[in-house]
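User: I'd like to learn how to read a few features off a model. Can you take me through them one at a time?

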Amino acid sequence: MAEPEGWIDCHDPFGRDRSMTVLVEDDRVLLVAPPGESAVMSVTQTRRLHRLLDQAAGRM
């Protein structure tokens, strides 16, 4: 079962609030984007995503 590493607030192209989730499962990192949507992120949100992915990779 995947363990949550964290999540990032973002928006879809229409400005609606969404989030992306980073999960760790065995030796894989899963990035779960809004269903059927694109994620629009600010520079700060992109940096947070980078940190979360780095932390997830470090757990392996």
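User: Which residue does arginine 18 form a salt bridge with?

Analyst: The general idea is that a salt bridge is a side-chain nitrogen of Lys or Arg within 4 Å of a carboxyl oxygen of Asp or Glu. Here arginine 18 pairs with aspartate 12, and their closest N and O atoms are 3.6 Å apart. Bear in mind that this is a predicted model, where local features need pLDDT of at least 70, side-chain atom pairs count only at pLDDT 80 or more, and totals for chains, interfaces and linings use all residues. Residues are numbered from 1 along each chain as its sequence is written, and side-chain values use heavy atoms, with hydrogens and water left out.

User: Is aspartate 12 buried or exposed?

Analyst: Buried means under 20% relative accessible area, exposed means over 50%, and partly exposed is in between (1.4 Å probe, protein chains only). Aspartate 12 counts as buried because its relative accessibility is 2%. Arginine 18, at 28%, counts as partly exposed. Salt bridges with shared partners tie Asp12, Arg16 and Arg18 into one network.

User: How far apart are the closest N and O atoms of arginine 16 and aspartate 12?

Analyst: For that salt bridge it's 2.5 Å. Arginine 16 is partly exposed, with a relative accessible area of 37%.

User: How many salt bridges does the rule give?

Analyst: The count comes to 3. One of them links glutamate 25 and arginine 28, with the closest N and O atoms 2.7 Å apart. Arginine 28 is partly exposed at 46%.

User: How many bridges join strand 1 to strand 2?

Analyst: Strands are DSSP runs of E, at least two residues, and helices are runs of H or I, at least four, numbered from the N terminus. Two strands pair if DSSP finds at least two bridges between them. Strand 1 (residues 3-11) and strand 2 (residues 17-25) run antiparallel and are joined by 8 bridges. Tryptophan 7 sits opposite threonine 21 in strand 2. The two strands form a hairpin with 5 residues between them, and glycine 15 in the turn has a positive phi of about 85°.

User: Where is methionine 60?

Analyst: Look in the segment after helix 1 (43-58). Methionine 60 counts as partly exposed because its relative accessibility is 47%.
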